[in-house]
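Please walk me through this protein model, one region at a time. Keep to what can be read from the atoms.

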Amino acid sequence: MKLLRVDMGRLEVRWEPVSPVFEQLGGRALIAKLLLEEIPPTCDVLGPHNKLIFTPGLLAGGGVTTAGRLSVGGKSPLTGGVKEANGGGTAGDTLAKLGFKAIVVEGQAQRGEWYVLHVTGDSASLLPAGDLMGLGTYATSDRLQERYGADSTVISIGQAGEYLMYGASIAITGDRDQRSNHAARGGLGAVMGSKGLKAIVIDKPLGKSIPLADADLFRTASRTFAQKLINDPKLGTQGSQHLYGTASIVGAVNEIGALPTENFSRGSFEPATELRGEHLRELVLEREGKVGTRCMPGCVIACRNLYVDDDGKPIVGTLQYETIALMGANLGLNSLDDVARLNYMCNDFGLDTIETGAALGVALEAGLAKFGDTESIFALLKQVGEGTIIGRVLGNGVVTTGRVLGIRRIPAALGQAMPGYDPRSLKGNGVTYATSPQGADHTAGNAFGARKEVNPLGVQGQRELSLKLQIIAAMLDATGLCLFARPPVIADPQLMVDMINGIYGWGWTKEDLDRFNRQVLRTELEFNRRAGITAADYRIPEYMREEPLAPHNAIFDVPDSDLDSVFETL
């Protein structure tokens with residue numbers, strides 16, 4: 001394995017052997033350790049001392065289903081602390097097959113200078129990117145794949161990243177017609193823009209494979225793992241995730257009263273049936289779009305869709321629950337077509353749909369547009385790509401938008417917008433939002449899938465549930481697995497141990513894996529502590545603790561003492 005250092009200030013690239021400190025780390029775990037070891041915790045997030053890290057998970061490159069996600073990390077512009085965001089596509093597997101532990105981007109190019117990093121198996125070079133400036137992520141990836149090959153992987157930013165907007169995401173291409181998977185959360189697109197790096201192009205690793213320490217052990221475990229996913233009633237070929245995608249949960253979230261509606265002012269949306277996964281599938285098939293496709297090669301869950309218009313023309317590569325919640329119900333929109341077009345605009349500008357949907361909700365409450373008024377909402381979002389003053393406000397996220405517009409009701413925790421589950425009616429997620437070193441991020445420990453285990457409206461058991469889920473999420477993010485791979489991992493952690501040992505021969509036990517997972521969180525919490533983040537910052541907004549949420553009139557009433565003690569047994 002090798003590590004590629006990219007010094008944007010000197011315009012130099014250099015290869016390094018992997019330090020023993022990083023040898024048994026990958027994905028989120030490697031990002032946390034690199035941040036703690038190499039980045040001054042109090043550094044300017046858009047300054048030369050922050051670093052941007054691209055790394056595959058520990059299981060990438062071996063053909064493990066759902067394990068090809070690429071982790072991107074750095075100090076977050078939004079939270080001021082550690083951030084790992086991951087996305088599908090081909091980048092994770094490609095880097096692993098090329099023998100990369102990570103690409104670490106350091107320093108900054110001269111102001112106004114922009115570059116593309118071109119990576120092959122044996123070389124890497126920085127090339128001028130002047131012809132790409134001002135382009136969205138779709139046009140950027142199209143142009144670069146025309147230049148370097150249609151099967152190359154492109155990682156890029158759009159206008160939001162160029163403008164250094166705190167809500168900026170990083171786009172990753174996938175197989176064939178997949179143009180835009182996103183490592184979206186935390187504003188890491190702004191960090192990429194601050195380096196003067198418009199894009200990374202990675203050549204396809206023809207004939208490359210990762211070495212296996214114990215091929216029989218690995219293949220047996222990985223096949224068993226895949227079969228468990230196929231047999232899972234929610235994830236298999238007849239399961240809701242495969243049939244309806246992540247939108248399968250719209251109805252259930254609405255029914256428990258946790259669907260963000262009109263800037264998180266209510267927990268249910270009357271026309272939610274028009275946004276449900278069942279309706280999405282029916283509409284896409286009727287228009288001859290695609291359902292049940294993959295965001296990563298070899299994924300057996302295949303929860304992706306290709307959403308098309310009335311004429312069968314593609315609008316967006318996949319329409320997912322979080323976007324439907326934040327760009328749909330949260331803005332008072334009940335048309336999947338409208339949500340899909342907003343989704344496309346965010347993808348092209350390089351924006352997190354969660355952060356941007358929340359910012360738009362606040363802007364609508366401030367009167368800049370009307371809830372449910374499609375044209376006024378589109379006009380607002382368009383300004384982000386144009387770089388107008390209000391566009392820059394929105395592009396910098398929900399906290400900035402709320403402060404500039406004088407709105408108290410800002411749905412954020414640790415500076416980052418809340419995803420599509422109001423914490424007043426799904427209190428387990430509230431505990432995760434308030435305590436995770438990643439900020440308000442459902443992927444850091446989503447309690448929705450465990451709502452039958454712990455009453456979502458109750459206080460009892462939420463602290464323990466959040467810790468359990470945060471530990472599991474750290475493992476998934478460190479190994480490169482999709483969040484939906486959680487069920488078999490919880491049921492049989494030995495499978496994970498066997499797959500890791502099958503690749504690396506480390507001789508890990510289940511206890512070693514548990515220690516590894518917990519250490520990820522410890523490292524992240526320590527970085528945040530050194531960055532100046534205190535217990536007072538790990539909180540749910542005051543208004544959510546006082547303002548009842550219809551339809552259950554729930555408030556977030558998990559005591560601060562529970563929040564402060566979530567990690568006491570870590």
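L11 takes a positive phi near 55° in the hairpin of β1 and β2, which leaves four residues between its strands. The model is predicted: local features need pLDDT of at least 70, side-chain atom pairs count only at pLDDT 80 or more, and totals for chains, interfaces and linings use all residues. Residues are numbered from 1 along each chain as its sequence is written, and side-chain values use heavy atoms, leaving out hydrogens and water. Helices (H or I, at least four residues) and strands (E, at least two) are DSSP runs, numbered from the N terminus.

Stay with β1, residues 2-7. Two strands pair if DSSP finds at least two bridges between them. β1 pairs with β2 (residues 12-17) in the antiparallel sense, over six bridges. Here L3 has E16 of β2 as its bridge partner. β1 also pairs with β6 (residues 100-106), this time in the parallel sense and again over six bridges. V6 stands opposite V105 of β6. Strands of a sheet pair through backbone hydrogen bonds, either parallel or antiparallel. β1 is mostly covered, with five of its six residues buried. Buried means under 20% relative accessible area, exposed over 50%, and partly exposed in between (1.4 Å probe, protein chains only).

Next, look at S156 in strand β9, residues 153-156. Its relative accessible area is 2%, so S156 is buried. What surrounds S156? Not counting residues up to four places away in sequence, S156 touches T137, T140, S169, I170, A171, M192, K198 and A199. Contact means heavy atoms within 4.5 Å. G193 sits 37 residues from S156 in sequence, and their C-alpha atoms are 9.6 Å apart. G193 belongs to helix α5, residues 188-194. G193 counts as buried because its relative accessibility is 5%. Leaving aside neighbours within four places in sequence, G193 is in contact with W114, I157, G161 and L164.

Further along is an open sheet of three strands. Their order is β13-β14-β15, and the pairing is antiparallel. β13 (290-293) and β15 (314-316) are the edge strands, each pairing on one side only. Direction ignored, neighbouring strands are turned by 35° against each other on average. Axes are lines fitted to C-alpha atoms, for helices over the stretch in contact, and angles run from 0 to 180 degrees between N-to-C directions. Three bridges join β13 to β14, residues 304-308. V291 has N305 of β14 as its bridge partner. Helix α9 (residues 277-286) packs on the sheet and touches β13 and β14. The direction of α9 makes about 60° with that of β14. Helix α11 (residues 336-349) lies across β14 and β15, at about 70° to β15.

Now turn to α16. Nine of its nine residues are buried. Among them are K427, N429 and Y433. The cover over α16 includes β16 (412-413), α17, α20 and α22 (560-564).

Buried residues of α20 include L513, F516, R518 and F527. Their cover includes α1 (27-38), β4 (70-75), β5 (82-87), α16 (427-435), α17 (462-479) and α19 (493-504). G532 follows α20, with a positive phi near 100°.
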